[in-house]
Amino acid sequence: TYYHMTDKRTATEETLTTALRDVFGLHVSVRCAPIAEQVKHNSAAGDNATASVGRLWFKKGHVVRVTENICSAASTIVGRELPFPADSKELKEATNAARVLAHEGQHIDQDEKDEPKVECYAVQTAAVVARHLGASMAVARQLGEYLAVVDVELMPLAYKPPSTCYDGGPY
């Protein structure tokens, strides 16, 4: 099933869409897809078949397609007041979800295809995405710090931000 801009979004998709629109000021729609469908779509588009996200362009806007796993993890951020348990699976998944949403938003906002550069932008904006999902400052800070300190070290080389990636850096 491929989605079109006129298809009705789920409540989670609507929440994620609103957050990305607020952060980036873009006409964007977020769609949650089963991982098998996402891999099939990415393969057909010539993308890495193991990638968890993709981007589709439509005449009237952009559609960010993410797996249901990303949507589910992002929903744990929505309105969250208390930080996640330290070094928990839930923290790792929520951090990844905020990063993926920030990453895809940055691709569109910056009109940038260079993955390490986009990832640099995403690392710097994932906490902002979390705040726009309604997370408390403590939760957003926790996700941002976890991403910058732990998650960046685990990223595939093709996405790893350059050493010049830091707040106030060249990008």
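The numbered points below concern confidence, disulfides, a helix and side-chain contacts.

1. Overall confidence. The model is predicted, not experimental. The protein has an average pLDDT of 82, and 80% of the residues score at least 70. By element, confidence is highest in helix α1 (residues 11-24), at a mean of 95, and lowest in strand β2 (residues 53-58), at 46.

2. Where pLDDT is low, predicted coordinates should not be read in detail.

3. Disulfide count and pattern. Two disulfides are counted in the model. With bonded cysteines counted along the chain, their pattern is 1-2, 3-4.

4. The disulfide of C32 and C71. The sulfur atoms of C32 and C71 lie 1.9 Å apart, and the link is left-handed, with -95 degrees about the S-S bond. This pair joins distant parts of the chain, since C32 belongs to strand β1 (residues 28-33) and C71 to helix α3 (residues 68-75), 39 residues apart. Both C32 and C71 are buried.

5. The disulfide of C120 and C165. Here the sulfur atoms of C120 and C165 are 2.2 Å apart. The torsion about their S-S bond is about 100 degrees, so this disulfide is right-handed. It too links distant parts of the chain: C120 lies in helix α5 (residues 115-132), whereas C165 is in the segment after α6 (137-154), 45 residues apart. Is C120 buried or exposed? C120 counts as buried because its relative accessibility is 0%, and the cut-off for buried is under 20%.

6. Helix α4. This helix (residues 89-110) contains 22 residues. From its first C-alpha to its last, α4 reaches 31 Å, close to the 32 Å expected at 1.5 Å a residue. D111 follows α4 and has a positive phi, near 50 degrees.

7. Ring contacts. How many aromatic pairs are counted? The count comes to zero. A charge does sit over a ring, however: the charged end of R80 is placed over the ring of F84, 3.7 Å from its centre.

Definitions and conventions:
Residues are numbered from 1 along each chain as its sequence is written. Side-chain values use heavy atoms; hydrogens and water are left out. A disulfide is a pair of cysteine sulfur atoms within 2.5 Å. Helices (H or I, at least four residues) and strands (E, at least two) are DSSP runs, numbered from the N terminus. Buried means under 20% relative accessible area, exposed over 50%, partly exposed in between (1.4 Å probe, protein chains only). The expected span of a helix is 1.5 Å times one less than its number of residues. Rings of Phe, Tyr and Trp (its six-membered ring) pair if their centres lie within 6.5 Å; planes under 30 degrees apart count as stacked, over 60 as edge-to-face and the rest as tilted. A charge sits over a ring if NZ of Lys or CZ of Arg is within 6 Å of the ring centre and within 35 degrees of the ring normal. pLDDT is the predictor's confidence in each residue, from 0 to 100.
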